[in-house]
Amino acid sequence: MTQLLYLICGGLLLSSVMVLWRRELSAIVRLLVVQGVLLGALALVLAGRLDSVELVVVAIGVVALKAVLVPRILRRVLRDGNEARETEPLVNVTASIVAAAFLILLAYAASRPLVRLSPSAETQAVPVGLAMVLLGFFVLVTRRRALSQIVGFLLLDNGIAATAFLITGGVPGIVELAVSLDVLLVVLVLQVLTARLRTTFGGTDIDELRELHD
Amino acid sequence: MSTLGVVVQVVLLIVVAPYLVGVMRQVRARLEGRAGAGAGQPWRDLRKLFRKEPMSPAGSSWVFVAAPAVLVASTLVIAAVSPFVATVSPLDGVADLFAVVALLLLGTVALALAGLDTGTAFGGMGASREMTVAALAEPTILLAGFALSARVGSTNLSAIVERGQQSPGAVLSPATLLAAVALAVVVVAEAGRLPVDNPSTHLELTMIHEAMVLEYAGRDLALVEFASALRLTVLLGLWANLFLPWGVATTASAPALLLGVVAFVAKVAVLGAVLAAGEVFMAKLRLFRVPELLAGSFLFGVLAVSSSFFLA
């Protein structure tokens with residue numbers, strides 16, 4: 001069981017890193033689907049370990065939202081736009097992969113005190129969640145396409161969810177519901193924003209957003 | 001008795017290596033809708049080339065003549081010491097992961113020097129590219145090897161393989177899986193297969209390995225071709241036995257050795273077929289994108305090492 005938990009955590013980390021590696025935005029959306037499924041699997045495994053029915057419901061909700069609904073919205077954004085690739089990240093791919101290695105080591109170093117508080121199988125894997133959060137921030141900072149920004153935000157959210165699952169066995173159901181709805185709303189709002197950006201500037205390079213207009 | 005294992009292993013690898021290349025070409029041909037030349041074609045080519053007289057370009061030195069021999073010899077040493085068929089061997093002490101990596105690099109450097117020695121534009125270009133790829137692949141091999149040996153507490157290949165046989169569940173741990181991905185990328189790069197290098201092209205803009213060996217002819221060319229087939233077999237065999245260690249003989253008895261031979265041939269044939277089938281759907285990466293691929297595999301190596309310590 002512990003083996004399965006660690007395997008899922010390894011998969012989560014791998015899919016987050018692959019987001020930095022791949023350039024095709026459609027491949028990145030596919031990676032997010034994989035990550036949503038893995039997150040649901042993580043919740044299921046924890047439900048088995050903690051004997052909690054609530055977590056099973058949460059797992060189903062996570063898969064429905066993060067592996068089905070949000071990717072569908074992202075695909076629609078992708079289809080409407082004409083940008084299939086992240087052409088010019090501010091930091092090139094090779095450098096961002098090396099940076100990702102450092103961020104992951106940083107996550108391990110930073111979560112040492114947390115792990116020491118209660119060394120169990122779940123808390124051992126907390127660095128994975130933190131690393132996902134850091135990688136999400138990194139994508140947000142260095143990528144320029146609006147869709148990549150949404151991807152970075154989702155990565156960040158997945159990281160927070162994974163950390164919550166691993167530390168406390170999931171937040172209460174009502175909070176989980178609120179957060180999920182929030183994520184959905186944010187993605188929808190960003191989708192509208194992306195469409196507006198495209199009609200105004202003809203592209204979704206966020207560097208164009210230098211000043212406010214009325 | 002345990003020397004028998006070494007002899008069986010070396011003979012097996014020598015016989016199997018050209019057939020592996022033949023099988024891979026055949027798989028590719030069938031998937032592309034061609035009839036193919038059959039799995040025995042590389043051996044027929046080698047027999048023809050071995051009968052022809054070698055030629056050296058004017059002005060080339062002994063480096064050019066010695067390189068094929070060094071390449072074949074260093075690969076044969078790996079074939080003798082690594083646990084391909086049996087883990088018990090009188091050469092056990094030499095079967096160190098880092099020694100094997102160093103031997104592989106020795107062959108690469110010998111061939112690159114020969115490419116430079118000819119003084120042609122292509123030779124130098126191929127050598128510089130090969131060294132770039134090797135320099136980028138080396139850190140990944142060391143990191144992935146470190147991740148594998150951290151669990152066992154030894155860099156001895158036989159120890160790693162035996163440990164893998166004793167605890168089959170460990171193969172599914174994140175550290176091992178990440179190391180497997182990292183090493184797979186490196187195996188593809190070191191063996192000069194797609195998407196890093198295309199073994200069937202002689203287009204000057206893309207070739208790496210072929211550019212270095214353009215000046216070889218006759219017996220020397222046969223040695224170089226044979227050595228590259230042997231390297232491919234050795235790399236695939238090492239990967240297979242590190243991550244799928246089942247069937248490798250742990251005693252030197254005849255039935256165990258026979259099982260080891262069958263398991264090795266099956267594993268390498270399946271891996272080769274998978275690699276060839278994958279190549280059909282893949283285009284060669286632009287040379288300037290290769291560092292990206294290898295940086296990715298380096299990251300997998302880092303992740304493997306970190307998770308072997310933190311998620312163990």
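## A span of chain B

In residues 61-85 of chain B, the end C-alpha atoms are 39 Å apart, and the span is 80% helix and 0% strand. Helices (H or I, at least four residues) and strands (E, at least two) are DSSP runs, numbered from the N terminus. This is a predicted model, in which local features need pLDDT of at least 70 and side-chain atom pairs count only at pLDDT 80 or more, while totals for chains, interfaces and linings use all residues. Residues are numbered from 1 along each chain as its sequence is written, and chains are lettered from A and ligands numbered from 1 in the order in which they are written.

Residues 170-189 of chain B are also 80% helix and 0% strand, with end C-alpha atoms 26 Å apart.

## Contact between the chains

Chain A gives 20 residues to the contact and chain B gives 17 residues; two residues are in contact if their C-beta atoms, placed from the backbone, lie within 7 Å. On the side of chain A that touches chain B, helix H1 (2-21) and helix H4 (93-110) of chain A are the elements giving two or more residues. H4(A) gives the most to that side, with 9 residues.

## Around A:Ala131

Among the 162 residues of the largest nonpolar core, those touching the most other members are A:Ala43, A:Ala131, A:Leu135, B:Leu20, B:Val85 and B:Ala304. Such a core is a set of buried Ala, Val, Leu, Ile, Met, Phe, Trp, Tyr and Cys residues joined through C-beta atoms within 7 Å, where buried means that 20 or more other C-beta atoms lie within 10 Å of the residue's own, placed from the backbone.

Leaving aside neighbours within four places in sequence, A:Ala131 is in contact with A:Leu13, A:Leu103, A:Ile104 and A:Ala107.

How values were computed
Buried ≥ 20, exposed ≤ 12 C-beta atoms within 10 Å, placed from the backbone.
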